[in-house]
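Please take a look at the structure below before reading on.

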Amino acid sequence: MVHTNPFRGPTAFMMGNEGQGLSEKQMEVCDHFVRICQYSDATASLNVNIACSIVLHHYALWAQLPETSRTGYKYDRPECPPSSIPHSGIGLRQMKDAADAEL
């Protein structure tokens, strides 16, 4: 269970979807599984984004990761490298269509 900190050393996470979870092939490559306790029968599973945030939070506490610095109530963000800044706002298909139109 996630609240018992079942983590061991370097860890990779695989998250299944809400309906089917992980496939058999995905489960075969896993060394361990983490379960989040549910205290109600109102639903059969948690939203995968919610489940992921719970697991990653517990992992960060277990790994004693330092909290990111804050200014007031907002977390500080480093400057984005140029490669991660969106430039045109259009996708690959639109870029290809634009390039084809220029030929």
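Predicted model: local features only at pLDDT ≥ 70, side-chain atom pairs only at ≥ 80, totals over all residues.

Residues are numbered from 1 along each chain as its sequence is written, and side-chain values use heavy atoms, with hydrogens and water left out.

The protein has 3 helices and 2 strands, arranged along the sequence as α-α-β-β-α. Helices (H or I, at least four residues) and strands (E, at least two) are DSSP runs, numbered from the N terminus.

Of the 103 residues, 9% count as buried. Buried means under 20% relative accessible area, exposed means over 50%, and partly exposed lies in between (1.4 Å probe, protein chains only).

On the surface, Phe13, Met15 and Leu56 form a nonpolar patch with about 220 Å² of accessible area together. Such patches are made of residues with over 30% relative accessible area and no salt bridge, with nonpolar side chains (Val, Leu, Ile, Met, Phe, Trp, Tyr) joined within 5 Å and like charges within 9 Å. Areas come from the Shrake-Rupley method with a 1.4 Å probe; for residues, only the protein chains shown count as cover. Met15 lies in the segment before helix H1 (24-28) and is partly exposed, at 33% relative accessible area.

The structure holds 1 salt bridge, that is, a side-chain nitrogen of Lys or Arg within 4 Å of a carboxyl oxygen of Asp or Glu. Arg70 pairs with Glu67, and their closest N and O atoms are 3.7 Å apart. Arg70 is partly exposed, with a relative accessible area of 47%, whereas Glu67 counts as exposed at 54%.
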